Amino acid sequence: MKELNTGSREHTAQNSRRLLSSRLYDLFMVPLEAGGIARLRRRIIPRADGKVLEVGAGTGVNLKYYDFLNVSSLTVSDHEPGRLLRKRAFSCGAEVAEADVTQLPFEDSSFDTLVFTLLFCSVEDPKAGLKEIKRVVKPGGKIIFIEHVLGCSRLTQRIQHSLTPFWRRISGNCHLNRETYELISDSGFTIEKRFTKAGCVLSSGIGRR
Ligand SMILES: C[S@@+](CC[C@H](N)C(=O)[O-])C[C@H]1O[C@@H](n2cnc3c(N)ncnc32)[C@H](O)[C@@H]1O
């Protein structure tokens with residue numbers, strides 16, 4: 001009985017820590033959202049249609065941008081889905097799945113649209129994650145993405161490379177210097193539309209399997 005109590009106290013403490021870090025994440029994102037990310041989300045997330053899976057959904061910040069008239073079902077997943085994501089998903093009828101993007105618990109060709117935003121900076125093996133995404137999207141299905149990537153100017157790159165070792169330690173493995181756009185296009189997706197200029201530190205687009 002004693003052990004059970006300790007376990008549930010630890011569980012509650014862990015949940016509270018996660019909720020606090022989710023709230024802090026949203027707070028940290030406020031200026032970045034205002035600086036352009038929210039505008040990108042508003043432009044591209046409503047293009048998700050059919051059976052939709054979002055991976056690395058975090059606190060569920062994209063949920064308010066979906067056009068539910070075009071979405072037949074929505075599953076939001078994360079390798080550590082928190083209470084905030086569950087609460088936000090519940091309020092718009094989306095399902096929540098605990099899933100690592102490198103090992104998705106879904107059949108091949110299950111989804112019409114795969115959404116990921118600000119995910120691949122922190123995935124340990126991004127190539128494996130993109131391979132999984134390709135496996136679960138239907139042939140002809142689409143991916144919708146926003147990622148921050150290595151910039152094009154020498155100065156920007158130098159700053160990104162030098163900050164990354166420190167930044168990834170305090171930010172849950174976030175790399176500021178990944179060439180995620182190239183990783184996506186080399187993973188067998190045809191990029192149909194880009195919403196950011198090449199060379200910009202934000203990369204956003206729609207690709208097709
Ligand atoms: C920077 S947050 C982005 C959250 C949200 N997509 C957004 O646009 O604000 C990265 C998220 O990816 C999740 N994540 C990191 N590695 C993952 C993995 N291998 N599989 C699934 N989710 C992962 C983290 O838990 C976190 O919620």
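Which residue in β2 is the bridge partner of L53? The partner is T75.

## Ground rules

This is a predicted model, in which local features need pLDDT of at least 70 and side-chain atom pairs count only at pLDDT 80 or more, while totals for chains, interfaces and linings use all residues. Numbering starts from 1 along each chain as its sequence is written.

## The sheet

Five bridges link β1 (residues 50-54) with β2 (residues 71-78), and the two run parallel. Strands here are DSSP E runs of at least two residues and helices are H or I runs of at least four, numbered from the N terminus; two strands pair if DSSP finds at least two bridges between them.

The open sheet holds seven strands with mixed pairing, ordered β3-β2-β1-β4-β5-β7-β6. From one strand to the next, the twist averages 25°, with axes fitted as lines to C-alpha atoms (for helices, over the stretch in contact) and angles taken from 0 to 180 degrees between N-to-C directions.

## Helices

Helix α2 (residues 83-91) packs on the sheet and touches β2 and β3, its direction making about 150° with that of β3. Contact means that C-beta atoms, placed from the backbone, lie within 7 Å. Helix α3 (residues 126-136) lies across β1, β4 (111-117) and β5 (137-148), at about 145° to β5.

Helix α1 (residues 2-44) contains R23. In space, R23 is 8.2 Å from L84, C-alpha to C-alpha, although 61 residues separate them in sequence.

Terms used
Contact = placed C-beta atoms within 7 Å.
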